[in-house]
Amino acid sequence: MVLPTKNFQEPNTSVEVYFQISKDDAKARAIIDLISHILYEPMYDQLRTKEQFGYDVGCGSRWTFGVIGTCFKVTTSNKSADEIVSRIEKFLQDYRNDLENMPKEEYLGKVIGLAKSKLLMNDSLEEECSSFWDKIIERTYNWEENLEDAIQLRGLTKADVIEAYEKYFLPMHGGTANKRRRLVIQVIGVNEGPASDNRPVMSPDIVPAFIDDTVKSVHESSRYQTW
């Protein structure tokens with residue numbers, strides 16, 4: 001999905017690469033949360049700190065109306081949207097070896113760190129109430145979800161994580177082409193450099209309608225199904 005920014009003075013281009021994982025499942029949810037937790041720091045360090053590829057770099061797991069997913073995002077003013085997509089893909093492929101070679105102690109530290117964060121008490125009644133309302137809105141009604149996730153994390157092995165990583169994020173899995181559920185969203189700004197490459201050309205007054213029509217066509221192509 002390629003969209004122009006509504007603001008014609010916006011010099012930045014932003015890309016999100018979203019991977020749909022599975023319908024809600026406690027073990028899958030724990031694995032994807034752990035992978036996102038493991039990837040966040042090295043992705044930020046490599047693309048943001050070392051390469052200055054973008055000023056806003058990150059990744060995280062998502063739960064959307066009963067579907068688990070993971071999103072990788074980069075916002076930049078000096079790279080094209082296609083370059084961002086390629087760099088995210090390269091990072092994911094390169095990190096496969098880092099994951100394989102991760103020492104057991106480091107892996108266990110990641111698991112423990114994520115489990116502790118899930119078991120943290122709410123800082124306020126407002127935060128706790130907001131968490132419960134989110135579950136009501138999403139119709140999960142699982143008030144002990146964080147506890148369940150922490151229990152699931154305890155039983156995950158590094159082999160489980162690597163298997164899921166290859167299955168959901170890499171183009172090849174087990175020697176065959178992988179049928180990934182991937183959605184790439186490119187929002188392209190106005191810039192004299194490569195950041196504006198492939199920006200749809202149109203007058204400002206029709207941009208909102210173009211965005212609405214593009215999003216609608218994506219929904220129609222999926223028959224309005226979330227999975």
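Q: Helices here are DSSP runs of H or I with at least four residues, and strands are runs of E with at least two, numbered from the N terminus. Where does that place Gln 52?
A: The model is predicted. In it, Gln 52 sits in the loop between α1 (26-50) and β3 (56-64).

Q: Is Gln 52 called buried, partly exposed or exposed, and why?
A: Its relative accessible area is 45%. Buried means under 20% and exposed means over 50%, with partly exposed in between. Gln 52 is therefore partly exposed.

Q: What makes the phi of Gln 52 worth a remark?
A: Gln 52 is not a glycine, yet its phi is positive, at about 50°. Most residues other than glycine have a negative phi.

Q: Which loop holds Phe 65, and what is its phi?
A: Phe 65 lies in the loop between β3 and β4. Its phi is near 50°, a positive value in a residue other than glycine.

Q: Why is Phe 65 called exposed?
A: Its relative accessible area is 57%, and exposed means over 50%. Phe 65 therefore counts as exposed.

Q: What makes strand β2 (residues 13-23) mostly covered?
A: Of its 11 residues, 9 are buried, where buried means under 20% relative accessible area.

Q: Which residues form the negative surface patch?
A: Asp 123, Glu 126, Glu 127 and Glu 128 form it. Asp and Glu count as negative, and patch residues have over 30% relative accessible area. Glu 127, in helix α4 (residues 125-137), has 37% and so counts as partly exposed.

Q: What makes up the nonpolar surface patch, and how does Ile 136 qualify on accessibility?
A: The patch consists of Phe 132, Trp 133, Ile 136, Ile 137, Tyr 141 and Trp 143, with about 630 Å² of accessible area together. Ile 136 is found in helix α4. At 32% it is partly exposed, and the patch cut-off is over 30%.

Notes: Residues numbered from 1 in each chain as written. Predicted model: local features only at pLDDT ≥ 70, side-chain atom pairs only at ≥ 80, totals over all residues. Heavy atoms only, no water. Patch = residues over 30% accessible without salt bridge, like charges linked within 9 Å, V, L, I, M, F, W, Y side chains within 5 Å. Areas by Shrake-Rupley, 256 points an atom, 1.4 Å probe, with all protein chains shown as cover. Salt bridge = Lys/Arg side-chain N within 4 Å of Asp/Glu carboxyl O. Charge placed at Lys NZ, Arg CZ, Asp CG, Glu CD. Buried < 20%, exposed > 50% of the residue type's maximum accessible area, 1.4 Å probe, protein only.
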